[in-house]
Amino acid sequence: MYSMTTADPITPPDISAVNLPGALIALGIGVTVWLLASFVIAGITKRVAEGSTFFKKRHFRWVSPALRALDHERRVQRAHTIGALLNSVVGVLVAVLTIVYVLKYLNVDIAPLLTSVGILGIAIGFGAQQLIRDFLAGIFITLEDQYGIGDVIETSEVVGTVEAMNLRITRVRAEDGTIWYLRNGEILRVGNRSQGNYIAPSAPPAAEADSTPQQAGE
């Protein structure tokens with residue numbers, strides 16, 4: 001007869017199944033891949049920041065004054081932003097894969113760990129929805145080149161010049177000198193006066209403005 005008090009004996013983990021050399025090799029490969037990816041991304045970022053050398057040739061130097069003065073700064077900013085984004089994504093992917101393989105070689109059951117990480121990620125995602133929204137909007141603003149440093153933009157909140165921008169915040173100086181910090185996820189509509197053929201509305205002549213009160217007084 002089966003006894004309810006009978007319990008299976010607790011067996012210690014099988015130490016012989018631990019593959020320490022394999023874990024060290026996986027860790028080394030992960031570090032090597034991360035260093036190589038960082039080197040490649042840094043090289044690409046530098047090339048993009050320097051821009052094309054087509055107009056730097058002797059026969060095309062006369063075109064240089066016609067280029068926008070802030071193009072270089074804007075291109076550098078975009079290159080560094082995209083480079084930082086790529087570094088973050090590659091770093092997270094390499095770290096996760098390396099940890100998974102190291103734990104596997106150490107004979108650690110990673111199924112409960114992955115479940116816990118998934119639940120934690122869902123909880124963080126619900127709590128940081130606005131932050132994620134700002135970052136995603138900043139990524140698309142940068143990739144699509146909707147506006148950049150030095151551009152005069154018009155949003156629902158302010159009209160001014162973009163002084164700085166990152167993946168979360170855009171800093172704009174308004175016409176009255178006020179500094180506005182706009183969250184990228186809340187910029188639903190933006191107009192770039194520097195990209196199109198913007199024509200400022202004509203102000204009424206001063207003579208007409210002065211004669212209006214006199215006619216009203218008569």
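This is a predicted model: local features need pLDDT of at least 70, side-chain atom pairs count only at pLDDT 80 or more; totals for chains, interfaces and linings use all residues.
Trainee: What lies 2.8 Å from a polar atom of the Thr45 side chain?

Mentor: The backbone oxygen of Ile41. That is a polar contact: a pair of N or O atoms within 3.5 Å. Within protein, one atom must be able to donate a hydrogen and the other to accept it, and residues adjacent in sequence count only if both atoms are side-chain atoms.

Trainee: Zooming out. How many helices and strands does the protein chain have?

Mentor: Five helices and five strands. From the N terminus on, the order is α-α-α-α-β-β-β-β-β-α. Both kinds of element are DSSP runs numbered from the N terminus: helices are H or I, at least four residues, and strands are E, at least two.

Trainee: And how much of the chain is buried?

Mentor: Buried residues make up 23% of the 218 residues. Among contacts between residues at least 6 apart in sequence, 59% join residues at least 24 apart.

Trainee: Now the sheet. What is the strand order?

Mentor: β4-β3-β2-β1-β5, an open sheet of five strands with antiparallel pairing. The edge strands are β4 (179-183) and β5 (190-192), each pairing on one side only. The twist averages 40° from one strand to the next. Two strands count as paired if DSSP finds at least two bridges between them.

Trainee: What holds strands together in general?

Mentor: Strands of a sheet pair through backbone hydrogen bonds, either parallel or antiparallel.

Trainee: Take me through the pairs. How many bridges join β1 to β2?

Mentor: Three, between β1 (152-155) and β2 (159-165), which run antiparallel. Glu154 has Val159 of β2 as its bridge partner. A hairpin of three residues joins the two strands.

Trainee: How many bridges for β2 and β3?

Mentor: Five, again in the antiparallel sense, with β3 at 169-174. Thr161 has Arg173 of β3 as its bridge partner. Three residues lie between β2 and β3 in their hairpin.

Trainee: What does Arg173 stand opposite in β4?

Mentor: Ile179. Five bridges join β3 to β4, also antiparallel. Their hairpin has four residues between the strands, and Gly177 in the turn has a positive phi of about 95°.

Trainee: Which residues form the largest nonpolar core?

Mentor: Ten: Ile141, Tyr147, Ile153, Val158, Val162, Met165, Val172, Ala174, Leu182 and Ile187. The elements that give two or more residues to this core are β2 and β3. Such a core is a set of buried Ala, Val, Leu, Ile, Met, Phe, Trp, Tyr and Cys residues joined through side-chain atoms within 4.5 Å.

Trainee: What is Ile141 in contact with, past its neighbours within four places?

Mentor: Gln146, Tyr147, Met165 and Asn184.

Trainee: Last topic: the loop between α4 and β1. What about Asp151 there?

Mentor: Asp151 lies in that loop. It counts as buried because its relative accessible area is 0%. The Asp151 side chain reaches the backbone nitrogen of Gly148 at 3.1 Å. A polar contact of 3.0 Å joins the side chains of Asp151 and Asn192.

Trainee: And Asp145, what is its phi?

Mentor: Positive, about 55°, although Asp145 is not a glycine. Asp145 lies in the loop between α4 (129-144) and β1. At 25% relative accessibility, Asp145 counts as partly exposed.

Methods: Residues are numbered from 1 along each chain as its sequence is written. Side-chain values use heavy atoms; hydrogens and water are left out. Buried means under 20% relative accessible area, exposed over 50%, partly exposed in between (1.4 Å probe, protein chains only). Contact means heavy atoms within 4.5 Å. Axes are lines fitted to C-alpha atoms, for helices over the stretch in contact, and angles run from 0 to 180 degrees between N-to-C directions.
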